[in-house]
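Visitor: I would like to go through this model with you, one question at a time. Could you set out the terms as we need them?

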Amino acid sequence: MPLDKASCQQLDREDPLAFCRERFELPDELIYLDGNSLGAMPSSMPRVMQQTLDSEWSGDLIQSWNKAGWAQLSQTLGDRVGRLVGADQDQIVVCDTTSANLYKAIRAACDMRPERNVILTELDNFPTDLYIIEGAMTGVAREMRREIVAQQDILDSLDDKVAILVLSHINYKTGEILPMLEITEAAHRVGALVIWDLSHSAGVLPIELDECEVDFAVGCTYKYLNAGPGAPAFIYVASRHIAQARQPLNGWWGHAEPFAFEDEFRPAGNISRFLCGTQPVLSLKGVACGLDSYAGVSMLQVREKSKGLCDLFIRLLGQECPDSRLQLIGPRCRERRGSQVSYRFEHGYALMQALIERGVVGDFRAPDLMRFGFSPLYIRYEDIWNAVQCLKICLQQKIWQQDKYHRRQPVT
Ligand SMILES: Cc1ncc(COP(=O)(O)O)c(C=O)c1O
């Protein structure tokens with residue numbers, strides 16, 4: 001039976017996460033399908049920022065490092081991220097960027113496998129991951145080799161030369177989930193360490209880092225975790241590795257006693273050794289607001305809704321735009337799909353611009369991919385209906401043909 005708007009509205013009435021939408025600031029007329037790139041702003045953000053400015057920064061000034069707990073924010077927030085990604089406490093710090101954290105993890109892991117010289121990764125990995133591997137290798141005392149293979153060849157490429165396997169948990173283009181447990185176990189069988197990039201999975205599906213015995217993980221907070229543009233990332237190091245894992249950025253915040261001001265670097269005995277310099281407190285407060293939005297929410301509920309939203313979008317697109325030349329990329333199976341769907345379309349950039357102008361915001365990845373991300377905390381089933389209706393009009397009327405939609409902006 002074809003779906004209609006009323007049936008989508010019914011799904012919203014039955015949605016156990018419907019109450020979460022109020023936790024975000026979203027313009028009334030906007031359908032925001034880009035939470036996989038930059039999450040929406042939590043409503044608590046202005047208040048928390050104002051309070052930080054008024055009482056902490058302008059009021060207590062430098063005392064706030066102690067009094068307001070600024071000095072421990074990276075660790076306390078790390079523990080809170082841990083609850084969303086299946087990590088017991090004292091294994092995560094929130095700091096720096098995902099790229100920088102990946103660099104630290106790679107260098108630490110290389111030193112932990114001194115007899116091996118291959119860093120294995122996947123062809124479709126996010127470019128920064130590929131670049132950082134390349135850059136990190138040049139700092140290793142022995143000659144390292146980066147081996148980039150197709151996703152289906154990952155397991156067959158694991159052998160006793162592989163020091164580290166670096167993978168994204170969810171593919172940023174296709175939304176495909178890689179099986180974390182199976183791959184981690186396979187890497188461990190040949191003695192390799194695994195670094196997972198959780199940028200597209202943290203906060204949108206249950207993850208069990210400890211249970212999967214993951215070695216290292218990194219990830220963004222500004223996507224599904226809604227911490228704000230450029231908010232600090234996180235890094236996880238399994239507790240069994242912390243004592244021997246040495247990252248190369250010997251900054252004072254990673255020292256065992258930063259305020260002893262010793263001349264020699266002595267790494268902290270805990271996860272704090274993965275810090276480097278002073279962290280951006282205001283941005284860390286953004287991470288706190290983002291994490292607050294998960295109060296009373298289970299990741300199983302988030303995952304269920306995420307699957308429901310993606311399924312609905314795919315089904316409605318087939319129903320409402322049967323003759324579109326949009327080609328679904330990535331898994332049809334809901335269990336293997338993250339919280340985004342991607343379509344290949346020759347004029348994808350222009351079509352996305354036309355949608356954005358009409359209040360339906362997704363994004364575009366060269367050369368021809370249109371991505372639609374679904375943040376279960378604030379997207380409604382009715383939004384999916386309305387987004388597909390807009391897409392239908394743009395396709396039927398070939399609105400994307402207008403010249404103005406073909407002019408490329410720097411950020412796509
Ligand atoms: C999979 C993945 N890793 C890393 C990054 C980049 O993270 P950062 O800008 O914090 O270095 C992104 C950004 O979109 C990403 O999608």
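Guide: Contact is taken here to mean heavy atoms within 4.5 Å, and domain bounds come from an automatic or database domain assignment. The model is predicted, so local features need pLDDT of at least 70 and side-chain atom pairs count only at pLDDT 80 or more, while totals for chains, interfaces and linings use all residues. Residues are numbered from 1 along each chain as its sequence is written, and side-chain values use heavy atoms, with hydrogens and water left out.

Visitor: How many residues of domain 1 are in contact with domain 2?
Guide: The assignment divides the chain into domain 1, made of 5-17 + 298-406, and domain 2, which covers 47-292. Taken over C-alpha atoms, the centres of the two domains are separated by 31 Å. On the domain 2 side 16 residues take part in the contact, and on the domain 1 side the number is 22.

Visitor: How much of the area that the ligand exposes when taken alone does the protein bury?
Guide: Oxygen atoms of the ligand lie 3.0 Å from a backbone N or O atom of Thr98, 2.8 Å from a polar side-chain atom of His200 and 2.7 Å from a side-chain N or O atom of Lys223. Accessible areas come from the Shrake-Rupley method with a 1.4 Å probe, and for residues only the protein chains shown count as cover. Taken alone the ligand exposes 400 Å², and the share of it that the protein buries is 85%.

Visitor: Is Asn171 buried or exposed?
Guide: Asn171 lies in the loop between strand S7 (162-168) and helix H7 (180-189), helices (H or I, at least four residues) and strands (E, at least two) being DSSP runs numbered from the N terminus. Asn171 touches Glu122, Asp124, Glu176 and Gln340, leaving out residues up to four places away in sequence, and a polar atom of its side chain lies 2.9 Å from the backbone nitrogen of Thr174. Buried means under 20% relative accessible area, exposed over 50%, and partly exposed in between (1.4 Å probe, protein chains only). With a relative accessible area of 5%, Asn171 is therefore buried.

Visitor: Why is helix H11 described as largely enclosed by the rest of the structure?
Guide: The buried residues of H11 include Tyr349, Leu351, Met352 and Leu355. They pack against strand S13 (360-361), strand S14 (363-365), strand S15 (369-373) and helix H12 (381-396). Helix H11 (residues 348-357) is largely enclosed because, of its 10 residues, the number buried is 8.

Visitor: Which residue is joined to Pro367 by a cis peptide bond?
Guide: Most residues other than glycine have a negative phi, and most peptide bonds are trans. Phe261, in the loop between helix H8 (239-242) and helix H9 (281-292), has a positive phi near 50°, as does Lys398, in the segment after H12. Pro367 is placed in the loop between S14 and S15, and the cis bond, with omega of about 5°, joins Pro367 to Ala366.

Definitions and conventions: Polar contact = N/O pair within 3.5 Å; in protein donor to acceptor, adjacent residues only side chain to side chain.
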